[in-house]
Amino acid sequence: MVGFVRILVAITLLVSVYSVAGTTRHYEFNIQLQNVTRLCHTRSMVTVNGKFPGPRIVAREGDRLLIKVTNHVSNNITIHWHGIRQLRSGWADGPAYVTQCPIQTGQSYVYNYTVIGQRGTLFWHAHISWLRASLYGPLIILPKLNVPYPFTKPYKEVPIIFGEWFNTDPEAIIAQATQTGGGPNVSDAYTFNGLPGPLYNCSAKDTLKLKVKQAKTYLLRLINAALNDELFFNIANHTLTVVEADAIYTKPFDTETLILAPGQTTNVLLKTKLKFPGASFVMSARPYVTGQGTFDNSTVAGILEYELSIPMKNLPLFKPALPPLNDTSFVTQFSNRLRSLASAQFPANVPQKIDRHLFFTVGLGTSPCEKNKTCQGPNGTRFAASINNVSFVQPSVALLQSHYSGQSEGVYSPYFPITPLHWFNYTGTPPNNTFVSNGTKLMVLPFNTSVELVLQDTSILGVESHPLHLHGFNFFVVGQGFGNYDPNKDPKNFNLVDPIERNTVGVPSGGWVAIRFLADNPGVWFMHCHLEVHTNWGLKMAWLVLDGKLPNQKLLPPPVDLPKC
């Protein structure tokens, strides 16, 4: 009997260990060309497994993911798991020439990482050139087994991923813009789950239809995977309850309209009507625009349909009213309503004591045109973008490898400026000299440094909203405002109790945002504007977080199949 009890205890311990450790999940990503037709245009598109958008990845908190990516196309490829912390596993983060060399034609690489302390809606996308226009898909992390959501259990969960459709190859578009120094051509449509909807020519058959039952609660997992556009979203005659942003539970609040910047995700509860409404309802998204450049001024639409045992034809169709294209006041109000749940189970561990105070300007600028060439940027220059007036130059080898192998000389400088070298009235009259400086500079942080970073928009070439994404960390958005940040007055209004925690934040147009994070993840971590065109122009930089003293505070060695440059 004693022996049997011992065996039972051993089995129970084993089961509890495995439930804590999670499951290992294997996925195969074959990067291949696929003919895809939208708006009566067929083009050969780079896809994962021939699907557009790509396949959904589903895991639980604590699971290990092994995703084998094999490249069957002529383009170099990397995949980024957007919002995954990658604790000590920076080799699996994915940005090209930052944490890895790209996967070349005919090669493969296994992205190997464990989801630690995270649950919610994220997504994956290519992280090289403009390939994420077609290489993207949902990454859904469910809570651990038997751990409930901190809100009503939904009847059904539906991911809706926003994207952009181009009638021509996006790689050709950015190649042409890079050559001319001008702005790139814009997309031809926005999409829900790859479908543009009925408001575009030759597109009625490619419409997302969401069929719902009455008196049910649905969880919509909204993801903005668009290349260059922040998007408003709503559903006619329905109120949505926000319960999560960037895979962090929020204090629930009701809204009819949402704003999502590229790189952001939001989970909302949709409570359907108690009785059959005798109508269908349009759900739509269109851009929020703050910059001076051209943009895709169109609207993607899908249909919310209530199920009936006997289908009815010719039901009235209600259309939503979206905010004006430049409605910054709505965006500000919506952002200010987002608060972390900050409960005992899901606390908001905001750094209270700060080791490093940093101030970064973000915005556009120019570079001189090459000799004997005509450029199509402002006044015959080339468009550029920078952080603290440093326009990032992409290296030809991976930064993380250079650091790890101690061969960083000539690859990067460890002296990224902690404030702009030249002060000016950031949101006032722009200076005459709009040229940026160029360099591959990293901001070095000792392990466990607590950081407060103020990101300040600038009026050089016009103020504009910039969704900044930080790899390897979540951060707390402790404050934001318009005009120039005032270090004496503004910190008095910071929220250090329940600020929203996220991985991508919009720097307000003509304003600033203050974030705090703890540098507890050793490695090299990219930070960039998630408007792809601005990243191309150089609005990016990287952080180097050094190893800590303890074994579990050190970056793991590189995997044997890490691609070579």
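Mentor: Let's start with a word you'll need throughout: buried means under 20% relative accessible area, exposed means over 50%, and partly exposed is in between (1.4 Å probe, protein chains only). What you see is a predicted model, where local features need pLDDT of at least 70 and side-chain atom pairs count only at pLDDT 80 or more, while totals for chains, interfaces and linings use all residues. Residues are numbered from 1 along each chain as its sequence is written, and side-chain values use heavy atoms, with hydrogens and water left out.

Now the disulfides (pairs of cysteine sulfur atoms within 2.5 Å). The structure has 3 of them. Counting bonded cysteines along the chain, their pattern is 1-3, 2-6, 4-5.

Take Cys40 and Cys202, whose sulfur atoms sit 1.8 Å apart. Cys40 is in the loop between β1 (24-38) and β2 (41-48), and Cys202 is in the loop between β10 (189-192) and β11 (209-212), so this pair ties together parts 162 residues apart in sequence. By the way, those strands (E, at least two residues) and the helices you'll meet (H or I, at least four) are DSSP runs numbered from the N terminus. The link of Cys40 and Cys202 is right-handed, with 65 degrees about the S-S bond. Cys40 counts as exposed at 54% relative accessibility, while Cys202 is partly exposed at 35%.

Next up, Cys101 is joined to Cys565, S to S 2.0 Å. Here distant parts of the chain are linked: Cys101 belongs to the loop between β5 (79-82) and β6, Cys565 to the segment after β33 (540-545), and the two are 464 residues apart. This link of Cys101 and Cys565 is left-handed, with -100 degrees about the S-S bond. Cys101 is buried at 2% relative accessibility, whereas Cys565 comes out partly exposed at 47%.

Then there's the disulfide from Cys369 to Cys375, at 2.1 Å from S to S. Its torsion about the S-S bond is about 80 degrees, so the disulfide of Cys369 and Cys375 is right-handed. Cys369 is partly exposed, at 24% relative accessible area, and Cys375 is buried, at 8%.

On to the salt bridges: in each, a side-chain nitrogen of Lys or Arg lies within 4 Å of a carboxyl oxygen of Asp or Glu. Searching the whole structure turns up 14. One of them joins the side chains of Glu61 and Arg119 (3.0 Å, N to O). Glu61 is in the loop between β3 and β4 and Arg119 is in the loop between β6 (108-114) and β7 (120-126), so they tie together parts 58 residues apart in sequence. Both Glu61 and Arg119 are buried.

Another salt bridge brings together the side chains of Arg132 and Glu532 (2.5 Å, N to O). Arg132 is in the loop between β7 and β8 (136-142) and Glu532 is in helix α5 (residues 532-537), 400 residues apart. Arg132 is buried at 1% relative accessible area, and Glu532 is buried too, at 7%.

Finally, look at Asp498 and Arg339, a salt bridge whose closest N and O atoms are 3.4 Å apart. Asp498 lies in the loop between β28 (475-482) and β29 (501-502), with Arg339 in the loop between α3 (328-337) and β21 (356-367), so parts 159 residues apart in sequence are tied together. Asp498 is buried at 12%, and Arg339 is partly exposed at 33%. Lys251 joins in as well: Lys251, Arg339 and Asp498 form a network of salt bridges.
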